[in-house]
Amino acid sequence: MHADYGGVVPELASRDHIRRVLPLTRELLATSGTTLNDLTAIAYTQGPGLAGALLVGASIAHGLAYALDIPAIGIHHLEGHLLSPLLASPAPAFPFVALLVSGGHTQLMQVADVGAYVLLGETVDDAAGEAFDKTAQLLGLGYPGGPKIAALAELGTPGRVKLPRPMLGSGNLNFSFSGLKTAVLTAVRGKTLSDADKADLAAEFQAAAVDVLVAKSLAALEETSLNQLVVAGGVGANRLLRERLTTQATQQGCHVFYPPLDLCTDNGAMIALAGALRLTSGVRDASGTLRLSSRFNTRSSSHAFTVRPRWDLEELRPA
Ligand code: KG4
Ligand code: ZN
């Protein structure tokens with residue numbers, strides 16, 4: 001639906017959400033053998049993101065929660081990504097460093113606990129995924145670009161064309177990806193590229209992006225003296241990034257954790273997990289059953305709601 005436009009069209013997205021959300025909910029309940037009455041709470045994405053799309057999820061979540069007399073829990077989209085490696089096995093233990101690499105964000109975070117996030121560094125311009133998407137567009141590969149660049153890169157050789165590694169030696173944990181995209185633009189402008197040229201460019205672009213992401217992630221581990229790195233967000237599905245991070249972090253005596261591949265890109269399970277962790281605060285009673293955190297004990301809580309199109313992860317507090 002969005003491919004013709006080279007990116008997500010907000011109005012098309014929210015209208016499509018409205019059409020899909022109830023059939024999808026019914027299908028999900030049916031395939032998981034769950035009924036609405038089995039639910040303890042409903043977690044939904046409260047932000048950041050496109051207001052129209054967020055409003056669809058928030059109103060359905062609060063409408064259902066009101067009808068079922070259970071809490072609705074607004075979750076930060078990136079918190080969902082950040083905690084998704086907890087669904088992997090083995091799972092990391094707090095504290096850890098998280099590399100969040102999605103279409104909208106590129107951040108290194110120090111994570112002490114659920115809701116305790118300190119920003120170590122972030123992109124000063126484009127996100128890594130955005131650079132993959134824009135480069136794919138320049139090479140005529142379509143959207144979303146990440147998987148397409150990665151596939152084409154397999155056929156090419158990095159280094160035949162030279163692209164910069166922006167901010168590699170900046171001495172801090174920030175990133176920049178817009179210069180990399182501009183360098184690709186310069187390399188393709190006014191030229192007719194063969195398929196082999198395009199593959200070489202894709203391979204070099206991927207190598208450049210991965211070089212920077214790996215170097216800064218390792219530097220973050222060193223700076224924080226932590227030895228666990230968690231990688232989350234759509235770009236975390238990139239095979240080269242995974243291989244390089246795992247190899248180099250291991251040499252440094254560190255462990256890298258990834259969410260299962262299908263939970264790297266946007267998904268509902270990571271939002272449900274974050275909701276569950278916030279709902280319970282991880283507190284168990286004597287029988288080992290997770291207890292509801294006091295914030296959610298009162299039933300019939302207000303179902304007035306807002307969405308947060310712009311929302312800093314650092315503003316979050318522990319559950
Ligand atoms: O986290 P995500 O699903 O959505 C948000 O942005 O929140 O991330 C989507 C981004 C897109 O930019 C897409 O091109 C990128 O993740 N992506 C990849 C790969 N798979 C998805 N980038 C590089 N390599 C991949 N294999
Ligand atoms: Zn995402």
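**Cores, aromatic pairs and a zinc site**

Me: In the largest nonpolar core, which residues touch the most other members?

Reply: L99, F177, F205, L213, L229, V231 and L245 do, out of 45 residues in that core. A nonpolar core here is a set of buried Ala, Val, Leu, Ile, Met, Phe, Trp, Tyr and Cys residues joined through side-chain atoms within 4.5 Å. Buried means under 20% relative accessible area, exposed means over 50%, and partly exposed is in between (1.4 Å probe, protein chains only).

Me: Which elements give two or more residues to this core?

Reply: β3 (96–101), α4 (128–138), α5 (145–153), α6 (178–188), α7 (195–224), β6 (228–232) and α8 (239–251). Of these, α7 gives the most, with 14 residues. Helices (H or I, at least four residues) and strands (E, at least two) are DSSP runs, numbered from the N terminus.

Me: What's the ground rule on model and numbering?

Reply: This is a predicted model: local features need pLDDT of at least 70, side-chain atom pairs count only at pLDDT 80 or more, and totals for chains, interfaces and linings use all residues. Residues are numbered from 1 along each chain as its sequence is written, chains are lettered from A and ligands numbered from 1 in the order written, and side-chain values use heavy atoms, without hydrogens or water.

Me: Back to L213. What does it touch?

Reply: L99, V101, T106, A128, F175, F177 and L241, leaving out residues up to four places away in sequence. Contact means heavy atoms within 4.5 Å.

Me: How many residues are in the second core?

Reply: 23, and that core is separate. L82, F96, A98 and V114 are among them.

Me: How many aromatic pairs?

Reply: 3. Rings of Phe, Tyr and Trp (its six-membered ring) pair if their centres lie within 6.5 Å; planes under 30 degrees apart count as stacked, over 60 as edge-to-face, the rest as tilted.

Me: Why is the F94 and F96 pair called stacked?

Reply: Because the ring centres are 5.4 Å apart and the planes are at 15°. F94 is partly exposed at 29%. F96 is buried at 1%.

Me: And F175 with F177: what are the distance and angle?

Reply: 6.1 Å centre to centre and 15° between the planes, also stacked. Both are buried.

Me: New topic. What coordinates the zinc ion (ligand 2)?

Reply: H77 (NE2), H81 (NE2) and D266 (OD), at 2.0 to 2.1 Å. Donors are N, O and S atoms within 2.8 Å of the metal (3.2 Å for Na, K and Ca); water is not among the atoms, so sites may look incomplete.

Me: Where do H77 and D266 lie?

Reply: H77 is in helix α3 (residues 77–83), and D266 is in the loop between β7 (255–257) and α9 (268–280), so the pair ties together parts 189 residues apart in sequence.

Me: Is H77 buried or exposed?

Reply: Buried, at 17% relative accessibility. D266 is exposed, at 56%.
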